[in-house]
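Hi everyone, thanks for coming.

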Amino acid sequence: MRKISTIGILTSGGDAPGMNAAIRAVTRAGIANGFRIMAVYRGYEGLINDEIKEFTTEDVSNIIQRGGTILKTARSREFETQEGRQKAYENMQKRGIDALVVIGGNGSLTGARIFAQEFDVPCIGLPGTIDNDLNGTDSTIGYDTTLNTIMECVDKIRDTATSHERIFFVEVMGRDAGFLAQNSAIAAGAEAAIIPEDNTGADQLEHFIGRGIRKSKSSSIVLVSESPKCGAMYYAERVRKEYPEYDVRVSILGHLQRGGSPSAGDRILASRLGCGAIQAFLEGQRNIMIGIKNDEVVYVPFTNAIKSDKSVKKELIDNLAVLSI
Ligand code: F6P
C-alpha cells in the first residue's frame, strides 16, 4: 500500500453546523502527525476544478464556533460521472494528494465509496449532515445544533399557539428521515410528530386528532417531516377541510435550521471524529466512515454507513405519545 503523506479534505452536500470544527480537527491532528493537509474548496467540484490550497494550523484558527463550512460546499453532478471522477483523480495526482477526508452526508459518502473503489484512493468519511440518517454512528455533525434550533423556534411558536388557541404544523428538514421531527417534538414538548418512518399504515393526522388532544388542550404543535407531497401544508389543508372548527397555521422552518454556531455537542463530536480520521489513516484504515457509538470511536465500512435503514426508535414514538396526553 502506498504511504500516505498528503491528505485532501473537503465538505460536500448540505452544510451542517460543526463542519468547521471537523475541518479544524483533521487539519491540526493531521499536521501534528506529520501529514500535509490540502484544503479542497466547493466539495467534489473543487477537486474536479482544481480549487485546492495547502492548509496550515493558522488557516483553521477561530473557526470552531462558526456555522457553515469555510471550505464551501456543493452537490456535484459532474462527480456522478466517470469523466468527472477521472478529472478529480488527475488533480489529486497533480497536487500529490494521496488520500481524502470527505465530510458530508449520504450522497457525499456514496461518492467517496465509488471514487475509492474506482481509483484505489484511500478515503475516510466523516458523517456531516443535520439529518442524522447515517448508519453506524449515534449522531452526525450538525444534528444536535439543528435539534436545538428547532426547539428554540417551537418554544417561540408555542406563545402564539397558546395565545390564539391554534394548531400549528411546524415543518422541519430531514430529507427522508424523521429524526429531527421526532426528537425536536420530544424536546419542545409538542403534541405529535408526523414522520416518514411511521409505517403502521394508520393515517397520522386522524391518529393525532383521534387521540383527543384537543379535549384536554386548547392549542397543539405538531412537528412534520418535510415531504414533497405530505408536508405541513398538506396536513393543514386537510384540517381546514375535515375539522373546520380548528384554527390552523403552518410554519416551515427551512434553512434557518441549518445555520448558526454549533452546539458544544457538535463541536466535541466533530473534533473527536476529525482526530479519529487521522488515527484511522495511521492504522492503515481506508474506505470507512468514522462514527461514535456508545461513546467510542468506531470504523464503519462505507457500504454499511450509507444503507438507508437507520430508523427512529419505537421507544421515542411511544414516549412522545405518552408525554403529550
Ligand atoms: O441533507 C440536508 C438537508 O438540509 C435536508 O434536510 C434537506 O432536504 C436538504 O438538505 C435541502 O437541501 P438544499 O439546501 O439543497 O435545499
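**The ligand and the pockets**

Let's begin at the ligand: one of its oxygen atoms has a backbone N or O atom of Gly174 at 3.1 Å. That is a polar contact, a pair of N or O atoms within 3.5 Å; within protein, one must be able to donate a hydrogen and the other to accept it, and residues adjacent in sequence count only if both atoms are side-chain atoms. Before I go on, this is a predicted model, where local features need pLDDT of at least 70 and side-chain atom pairs count only at pLDDT 80 or more, while totals for chains, interfaces and linings use all residues. Residues are numbered from 1 along each chain as its sequence is written, and side-chain values use heavy atoms, with hydrogens and water left out.

The side chain of Asp131 places an N or O atom 2.7 Å from a ligand oxygen, and Arg175 has a polar side-chain atom 3.4 Å from an oxygen of the ligand. Of the 400 Å² of accessible area that the ligand has on its own, the protein covers 75% (Shrake-Rupley method, 1.4 Å probe; for residues, only the protein chains shown count as cover). The residues around the ligand, with a heavy atom within 4 Å of it, are Arg75, Ile130, Asp131, Met173, Gly174, Arg175, Glu226, His255 and Arg258.

Now, the pockets. A pocket here is an open set of points on a 1 Å grid over the protein atoms alone, where a 1.4 Å probe fits, with protein on both sides within 12 Å along at least five of seven lines; lining residues have an atom within 4 Å of a point.

So where does the largest pocket lie? Domain 1 (6-142 + 262-305) and domain 2 (144-258) both contribute to its lining, so the largest pocket sits between them; the domain bounds come from an automatic or database assignment. In all, 35 residues line the largest pocket, and Gly13, Gly14, Arg75, Gly107 and Arg175 lie nearest its centre. The elements giving two or more residues to this lining are α4 (106-119) and β6 (167-172), with the largest share, 6 residues, coming from α4. Helices (H or I, at least four residues) and strands (E, at least two) are DSSP runs, numbered from the N terminus.

Finally, the second largest pocket: of its 22 lining residues, Ala193, Asp198, Thr200, His207 and Ile317 are closest to the centre. Here α12 gives the largest share of the lining, 5 residues. Thanks, everyone!
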